[in-house]
Amino acid sequence: MDLLRHKKMAAGRGFLDDQFLIAMPGMKDDRFTRSVIYICAHSDEGAMGLVINQTQQMLFPDLLVQLGILNEQEAIRLPAQARDFVVRNGGPVDRSRGFVLHSGDYRVESSLTVSDDICLTATVDILRAISSGRGPRHALMALGYSGWGAGQLESEIAENGWLTCPASAELLFDTDIERKYDRILASIGIDLAHLSLAAGHA
């Protein structure tokens with residue numbers, strides 16, 4: 001993906017990198033209703049992120065078998081942590097492609113540094129590492145991603161489509177997916193009942 005390649009070569013970060021993007025109650029796109037997106041790359045060329053609070057029907061062991069990383073017998077013998085690893089719906093773009101957001105204690109050449117302690121890896125090496133217990137301390141996997149063209153995300157934020165706040169690793173990686181939207185809003189002191197659906201202009 002061009003945006004990720006550009007980020008890997010460029011120095012510095014976009015101002016929305018390592019931020020949570022929280023869908024406002026008036027979100028017009030049903031695919032993003034009550035969604036929280038972690039922004040991995042942001043620049044003048046656009047933005048890319050992963051929805052972190054929508055799950056896939058596919059289980060991690062099934063994915064490993066489908067990709068030919070393990071056979072069915074090996075998948076049955078996976079350690080509990082790998083067997084219970086939830087596969088998330090990262091967004092509507094390129095749904096067959098997998099991305100792993102993870103703590104910085106695991107890095108390979110293809111890993112992209114998003115923040116001081118969070119990386120993104122999109123190669124099968126990390127899936128093999130997770131399945132054998134050699135993976136990062138914290139990780140989440142998503143199929144597909146969410147992407148915006150130049151200026152598109154900034155425009156959606158200005159139109160009151162999204163709230164942004166700095167991401168925390170604890171809320172990013174915890175396994176309470178169902179309540180993540182409400183908990184992230186609560187962490188920045190926002191009550192859904194008090195959110196205005198109208199964009200404000202100074």
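## A tour from Trp162

Start by selecting Trp162: with a relative accessible area of 3%, Trp162 is buried (buried means under 20% relative accessible area, exposed over 50% and partly exposed in between, using a 1.4 Å probe and protein chains only). Before you move on, note that this is a predicted model, in which local features need pLDDT of at least 70, side-chain atom pairs count only at pLDDT 80 or more, and totals for chains, interfaces and linings use all residues. Residues are numbered from 1 along each chain as its sequence is written, and side-chain values use heavy atoms, leaving out hydrogens and water.

**Stop 1: aromatic rings**

Searching the whole structure gives five aromatic pairs (rings of Phe, Tyr and Trp, with the six-membered ring for Trp, pair if their centres lie within 6.5 Å; planes under 30 degrees apart are stacked, over 60 edge-to-face, and the rest tilted). Show Phe32 together with Trp162: they form an edge-to-face pair, 5.7 Å centre to centre with 65° between the planes. This pair links distant parts of the chain, 130 residues apart, with Phe32 in the loop between strand 1 and strand 2 (36-43) and Trp162 in strand 10 (residues 162-166). Helices (H or I, at least four residues) and strands (E, at least two) are DSSP runs, numbered from the N terminus. Phe32 is buried too, at 9% relative accessibility.

Now pick Phe99 and Tyr145, an edge-to-face pair with 5.7 Å between centres and 80° between planes. Phe99 belongs to strand 6 and Tyr145 to strand 9, so the pair ties together parts that are 46 residues apart in sequence. Phe99 is buried at 0% relative accessibility, and Tyr145 is buried at 11%.

**Stop 2: Thr121**

Next, select Thr121 in strand 8 (residues 118-121). Is Thr121 buried or exposed? Thr121 is buried, with a relative accessible area of 0%. Draw a line from its side chain to that of Ser111 and you have a polar contact of 2.7 Å (a pair of N or O atoms within 3.5 Å; within protein, one must be able to donate a hydrogen and the other to accept it, and residues adjacent in sequence count only if both atoms are side-chain atoms). Setting aside residues up to four places away in sequence, Thr121 touches Phe99, Val100, His102, Val108, Ser110, Ser111 and Ile126, where contact means heavy atoms within 4.5 Å.

**Stop 3: helix 5**

Ile126 leads you to helix 5 (residues 124-131), whose buried residues are Ile126, Leu127, Ala129, Ile130 and Ser131. Those residues pack against helix 2 (60-66), helix 4 (80-83), strand 6, strand 8 and strand 9 (139-148). Continue past the end of helix 5 to Gly133, whose phi is positive, near 80°.

**Stop 4**

Select Ser96 in strand 6 (residues 93-103). Ser96 counts as exposed, at 69% relative accessibility. Ser96 and Gly144 lie 48 residues apart in sequence, with 6.2 Å between their C-alpha atoms.

Then go to Asp18, in the loop between helix 1 (2-9) and strand 1 (19-23). Asp18 counts as buried at 18% relative accessibility. Beyond its neighbours within four places in sequence, Asp18 has contacts that include Tyr38, Ile39, Val114 and Pro166.

**Last stop: cysteines**

Finish with Cys40, buried at 0% relative accessibility, and Cys119, buried with a relative accessible area of 0%. How many disulfides are there? The count is zero, taking a disulfide as a pair of cysteine sulfur atoms within 2.5 Å.
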